[in-house]
Amino acid sequence: MANICCDDVYFHSQSYPEHLATLWEDLKTSIVFCRNEDLAGIGNLFELKDIPTEGLSLRGTVIFMERNPDNILLCTSAAWSPLYEAYHAIAEVY
């Protein structure tokens, strides 16, 4: 069994709140909470938005997400290590 890394990441933007709204809609479209890890995989967001994945680890499952007035909380369960580069790529797109 692989080591599991649980990440809690907040995405926020004071300058572009409409980008947060877009991220939230895309997360709701691409992530399905169920036992099938493929449907809840963070890679689904990258596939939906055609975000380049070269050199990124996407071995992570979204286990919780929440929209707040000024941020989005994304909780993931990843294999071996945090998905830092993937989170940075998401922030760059949105």
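Colleague: In this predicted model, is Thr61 buried or exposed, and what cut-off decides the matter?

Modeller: A residue is called buried when its relative accessible area is under 20%; Thr61 has 15% relative accessibility, and therefore counts as buried.

Colleague: Where does Thr61 lie, and which residues is Thr61 in contact with once its neighbours within four places in sequence are left aside?

Modeller: Thr61 belongs to strand β2, which covers residues 60-68. With those sequence neighbours set aside, Thr61 is in contact with Glu37, Ala40 and Gly41, and also with Cys75, Thr76 and Ser77.

Colleague: What is the bridge partner of Thr61 in β3, and how many bridges join the two strands?

Modeller: In a regular strand the side chains alternate between the two faces of the sheet. Here, the partner of Thr61 in β3 is Ser77; β2 and β3 (residues 71-79) run antiparallel and are joined by 8 bridges, and they form a hairpin that has 2 residues between its strands.

Colleague: Turning to helix α1, which of its residues are buried, and where around the axis do they sit?

Modeller: The buried residues of α1 are Leu20, Leu23, Trp24, Asp26, Leu27 and Ser30. They cover an arc of only 165 degrees around the axis, and so they lie on the same side of α1. Among the elements that cover these buried residues are β2 and β3, together with β1 (4-12), α2 (43-49) and α3 (84-93).

Colleague: What span should α1 have, and how far apart are its end C-alpha atoms?

Modeller: At 1.5 Å a residue, the 14 residues of α1 (residues 17-30) should span 20 Å, and the end C-alpha atoms are 20 Å apart, so the two values agree.

Note on methods: Residues numbered from 1 in each chain as written. Predicted model: local features only at pLDDT ≥ 70, side-chain atom pairs only at ≥ 80, totals over all residues. Heavy atoms only, no water. Buried < 20%, exposed > 50% of the residue type's maximum accessible area, 1.4 Å probe, protein only. Contact = heavy atoms within 4.5 Å. Pairing = 2+ DSSP bridges. Expected span 1.5 Å × (residues − 1). Arc of directions from axis to C-beta.
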